[in-house]
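Keep the viewer open and try each task before you read its solution.

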Amino acid sequence: MTTWIIEPRDPLLVRDGRPFGPDPGARATSLPFPFPSTLAGGIRTRAGVNEDGIFQYTPNDKAALQHLKTLRIRGPLLVQLTADGGDIDADKWLLPAPHDAQLFPTDEAETANPTTANVRQLVPLAAQPEALTDLDQRELWFVGHPGNNVQSKPLSKAPTFWYWQHMKNWLLDPTLLTRAEQTLSKLGLNKLESERRLHVSIDAAKGTAKDGMLFETSGLEFTAPGNGEQRLQGAHRLALVIAAEDNKHTVHPGVASFGGERRLVTWRKSSVELPTCPEELAKAITDVGHCRV
């Protein structure tokens, strides 16, 4: 499979399916992260264009179109690019934060803008002899913190993406993160920031704005703030990455439109491969016969 970097030039707008028409006050809000199907459609479209960026197949080319639809991908994943922005930083893969991890402030005074946090794991709780429930413990059960030793509320702005090394440690041995407080900026990224833009509808015949026809869009910014000494150097560049299987269609690198409003992205190849399941994790799943999903 070939690894592709998709770096948005403009704030990326990937719609959530809610209606968005030519009405005053309409708002188009982006999803917090694009669906895999969106990237699959993007790479299939890209595989069907020629060097001039023109889609080269007609509805009569049924065999070629059907072959395009079978092109499979892995991803997308979020990644931080190298300092020059030319390639993937192999140590900076970002994966969705695990849902069985909760972060709590280390200092109640820093709950507004915390810099560190304690990580606690959610696990199935032991059944209480006096408690009554209609849940079947073999299929669905309560989760929480053993011993009920947590006295504060979870962070409201916990990282929504974790760096791959921390994710791998969490999957292999959660105590590697729970035994000591974690620096949030090193653990991962809070979220992709949104940029809101106010637009006005234009009368095509007159070339002037239509009265009252204002609408708003909200797109995803693919940048991450620096930390420590790197903060002075500005934000880090982020990108989407997929691995696409090689087929008879040629995918051309370059600039193309993607998502809502035909925002521009850059397609380019990388020699860095997507993270795979660690051997020790696969062995642990085989040994115990189950895994966390």
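**Exercise 1. A surface patch**

In which strand is the place of L198? Find the nonpolar patch to which L198 belongs.

Before the steps, a note on the source: this is a predicted model, in which local features need pLDDT of at least 70 and side-chain atom pairs count only at pLDDT 80 or more, while totals for chains, interfaces and linings use all residues. Residues are numbered from 1 along each chain as its sequence is written, and side-chain values use heavy atoms, with hydrogens and water left out.

Step 1. L198 sits in strand β12; helices (H or I, at least four residues) and strands (E, at least two) are DSSP runs, numbered from the N terminus.

Step 2. With a relative accessible area of 64%, L198 is exposed. Here buried means under 20% relative accessible area, exposed over 50%, and partly exposed in between (1.4 Å probe, protein chains only).

Step 3. Together with V200, I202 and L214, L198 forms a nonpolar surface patch of about 370 Å² of accessible area. Patches take residues with over 30% relative accessible area and no salt bridge, joining like charges within 9 Å and nonpolar side chains (Val, Leu, Ile, Met, Phe, Trp, Tyr) within 5 Å. The areas come from the Shrake-Rupley method with a 1.4 Å probe, and for residues only the protein chains shown count as cover.

Step 4. Strand β12 (residues 194-203) contributes the most to this patch, with three residues.

**Exercise 2. Rings that meet**

How many aromatic pairs does the structure hold? Work through two of the tryptophan pairs, W4 with W267 and W162 with W170.

Step 1. There are four aromatic pairs. Rings of Phe, Tyr and Trp (its six-membered ring) pair if their centres lie within 6.5 Å; planes under 30 degrees apart count as stacked, over 60 as edge-to-face and the rest as tilted.

Step 2. W4 and W267 have ring centres 6.2 Å apart and planes at 70°, so this pair is edge-to-face. The pair links distant parts of the chain, as W4 is in strand β1 (residues 2-8) and W267 in strand β17 (residues 263-270), 263 residues apart. Both W4 and W267 are buried.

Step 3. W162 and W170 are also an edge-to-face pair, at 5.8 Å centre to centre and 80° between the planes. W162 is buried at 1% relative accessibility, and W170 is buried at 0%.

**Exercise 3. Salt bridges**

Which residue forms a salt bridge with E245? Describe where each partner lies.

Step 1. Seven salt bridges are found in the whole structure, each being a side-chain nitrogen of Lys or Arg within 4 Å of a carboxyl oxygen of Asp or Glu.

Step 2. The partner of E245 is R72, with the closest N and O atoms 3.4 Å apart. E245 lies in the loop between β15 (236-244) and β16 (254-258), and R72 in the loop between α2 (62-69) and β3 (73-81), so the pair ties together parts that are 173 residues apart in sequence.

Step 3. E245 is partly exposed at 22% relative accessible area, whereas R72 is exposed at 57%.

Step 4. Now try R9 and D10, whose side chains meet in a salt bridge at 3.1 Å, N to O. R9 is exposed, with a relative accessible area of 61%, but D10 counts as buried at 18%.
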